[in-house]
Amino acid sequence: MNVLVCVKQIPDPNAPGKLDPQTKRLVREGVDLVLDPGDEHGVEAGLQLVEKDGGEVTVISMGPPKAVDAIRRALAMGANRGILITDPALENSDAISTARAIAGAIKGQSYDLIICGTESTDGSSGAMPAQLAELLELPLLSFAKKLEVADGKAKIDRQTDEGYDVVEAPLPAVVTVTGGINEARYPALRGIMQAKNKEVKQVGLGEIGLDGQAGKAALTQEVVDATPAETRKAGEVVEDKGEGAKRVADFLKALKVI
Amino acid sequence: MAGAWVFAETVDGVPKPVVLELLTKARSLGDAAAVALGPGASKSTATLGEYGAKKVYVHEDAAFRDVLATPAVDLLERLVEKDRPDLLIFGMTYDGRDVASRLSARLGTALIANATDVSAKDGGWAIISPMFGGSLLVTTVPKTKGPTIVLIRPKAVAAAPAGSAGAPEVQRLTDSVDTSKPVARVLRRETEKASGPKLEDAAIIVSGGRGLGAPENFKMLDELAAELGAAVGASRAVVDAGWKPYSFQIGQTGKTVKPTVYIALGISGAMQHTVGMKGARTIIAINKDPEAPIFKLADLGVVGDVHKIVPQLIQEVRSRKGK
């Protein structure tokens with residue numbers, strides 16, 4: 001069972017994000033960069049599958065050279081090897097370019113399952129996994145909160161507004177996982193040491209045959225403006241000295257909800 | 001006039017609430033049409049017309065209900081090639097996102113997600129999406145030929161009937177649906193029962209975060225919600241920890257809610273959460289950390305221990321209701 005897990009390095013989501021006023025892109029300088037916490041669940045899901053059935057987990061990412069750190073984190077969790085697609089021409093790529101680059105980089109390789117987070121925590125469009133599935137002509141099992149693989153099929157509990165659907169697809173397939181699917185392991189020291197010696201292959205656009213078809217040369221959209229949203233005004237903040245509940249009840253009464 | 005199509009998700013022939021929001025927006029941008037797929041879809045045409053669809057494409061094959069995304073993408077690709085709309089609007093829902101994303105890769109056209117507004121600009125479109133938990137509004141313009149695909153967040157537009165619209169032209173489609181390719185098939189559907197009103201429709205929401213300390217403490221939220229006739233919601237941290245099912249999650253990856261009153265209990269107010277609830281008319285927050293960002297949004301904030309205050313609040317509400 002060979003699993004490919006797509007990961008993204010993002011600015012620490014616990015630090016407030018900033019846009020460059022000139023380029024209207026995310027500021028990446030001077031910000032801590034981390035493996036997207038949503039992707040840790042994807043890595044964990046992949047590791048659990050190969051621990052049960054054997055095989056390897058390959059981690060793939062697209063980003064600047066330092067995005068290798070996010071791959072190393074996944075390797076420290078236990079993934080076997082990494083692929084980093086990195087090319088100056090890929091700066092400011094949109095989701096479809098990322099999907100094209102990943103599809104290009106894995107051409108000719110076979111994976112039973114490709115796992116992604118449902119969406120990145122920073123961009124959060126959630127488009128890339130479905131676009132990748134489309135380019136590879138594979139079924140997509142999306143929003144999985146449970147994943148099982150058996151008899152050449154993947155079966156998930158797919159999140160819905162009312163509960164969940166049980167959905168099945170033959171392998172190979174693309175799966176997106178929600179945070180609820182598992183608790184991601186924390187890399188052990190031994191894993192961190194081993195990760196340093198694991199292979200991370202770096203490829204550029206030329207090597208994957210996509211010159212001019214991804215990144216800057218193939219932008220489908222452009223951000224033309226970014227303005228601060230109207231903010232809510234903070235109201236009254238009181239410290240509870242035994243009267244807190246009464247204050248809230250008075251407030252609810254004034255709003256005529258009780 | 002520009003052709004603005006809406007992907008009209010229906011359940012047993014009833015359009016999802018977001019569809020009526022999307023049509024309200026679409027008819028302000030051009031000739032609105034709706035595409036309604038799956039068994040019972042033809043029952044939805046009158047409502048879709050009422051909200052502004054001049055034309056409704058209907059295909060009732062069961063595959064649209066039972067197979068994820070791909071049958072809808074195949075059909076939309078054919079319809080787009082034939083009738084050439086300028087804009088395709090989807091709701092930012094589980095199915096909407098899958099279909100829109102696959103279709104954008106198929107057509108090679110721009111996809112803009114998480115939108116709250118679309119307007120015509122210089123013969124094209126300008127799309128507004130909130131970023132960083134809604135603290136910034138970003139305007140994006142498409143650069144590709146062919147229809148622009150936009151995913152609009154539920155509750156971003158207020159749905160309103162078109163008023164004078166007559167019955168829409170209905171085009172019934174019967175072309176065969178190809179499911180010979182490997183597909184993702186729905187085997188069965190499970191409903192997680194929640195008592196009280198649905199989160200999306202509730203006038204009052206009582207929502208809990210990590211500050212509750214343990215999953216069993218949600219019981220007091222259920223109790224408070226029952227007293228207030230409120231729905232119960234949760235932050236992502238709580239859902240990720242497995243305390244509550246995903247269907248309770250409010251925020252970026254969960255639901256967007258706009259209740260009259262939102263009561264945040266033990267919720268710090270991370271941007272991923274606030275983007276889904278800052279449209280509430282009134283926000284009340286109780287949290288032990290005076291620095292919690294939720295207090296910057298709250299109309300009334302109480303710095304204190306939820307475990308102490310919530311049981312007292314239940315009593316206060318009960319006694320006031322008695323009067």
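Tutor: Two strands pair if DSSP finds at least two bridges between them. Strands here are DSSP runs of E, at least two residues long, helices are runs of H or I, at least four long, and both are numbered from the N terminus. This is a predicted model, where local features need pLDDT of at least 70, side-chain atom pairs count only at pLDDT 80 or more, and totals for chains, interfaces and linings use all residues. Residues are numbered from 1 along each chain as its sequence is written, while chains are lettered from A and ligands numbered from 1 in written order.

Student: In which sense do β13(A) and β18 of chain B pair?

Tutor: Strands of a sheet pair through backbone hydrogen bonds, either parallel or antiparallel. β13(A) and β18(B), residues 300-303, pair in the parallel sense over four bridges. To find the spot, look for A:V238, whose bridge partner in β18(B) is B:V302.

Student: How many residues of chain A are in contact with chain B?

Tutor: Contact means that two C-beta atoms, placed from the backbone, lie within 7 Å. By that test, 69 residues of chain A touch 71 residues of chain B. Elements of chain A giving two or more residues to its side include α3 (95-105), β12 (221-228), β13 (236-239) and α6 (244-254). α6(A) gives the largest share, nine residues.

Student: What classes of residue make up that side of chain A?

Tutor: There are 35 nonpolar, 18 polar and 16 charged residues on the side of chain A that touches chain B. Nonpolar covers Ala, Val, Leu, Ile, Met, Phe, Trp, Tyr, Cys and Pro; charged covers Asp, Glu, Lys and Arg; the others, Gly among them, are polar.

Student: Is α3(A) mostly covered or uncovered?

Tutor: Buried means 20 or more other C-beta atoms within 10 Å of a residue's own, exposed 12 or fewer, and partly exposed in between, with C-beta atoms placed from the backbone. α3(A) is mostly covered, with ten of its eleven residues buried, including A:I96, A:R100 and A:I102. Over chain A, buried residues make up 48% of 258.

Student: Which strands make up the open sheet, and in what order?

Tutor: Trace ten strands with mixed pairing: β11(A)-β5(A)-β4(A)-β1(A)-β6(A)-β10(A)-β7(A)-β8(A)-β9(A)-β13(B). β11(A) (200-203) and β13(B) (185-191) stand at the edges with a single partner strand each, so one side of each has no neighbour in the sheet. From one strand to the next the twist averages 30 degrees. Within the sheet, β8(A) (153-159) and β9(A) pair in the antiparallel sense over seven bridges, and A:I156 stands opposite A:V167 of β9(A).

Student: Which strands does helix α2 of chain A touch?

Tutor: α2(A), residues 68-77, packs on the sheet against β1, β4, β5 and β11 of chain A, and its direction makes about 165 degrees with that of β4(A). Such angles run from 0 to 180 degrees between N-to-C directions, using lines fitted to C-alpha atoms, for helices over the stretch in contact.

Student: Where is B:V177 found?

Tutor: B:V177 is in the loop between β12 (169-172) and β13 of chain B. With 19 other C-beta atoms within 10 Å, B:V177 counts as partly exposed. Apart from neighbours within four places in sequence, B:V177 is in contact with B:D61, B:A63 and B:P71. The C-alpha atoms of B:V177 and B:T140, 37 residues apart along the chain, are separated by 35 Å.
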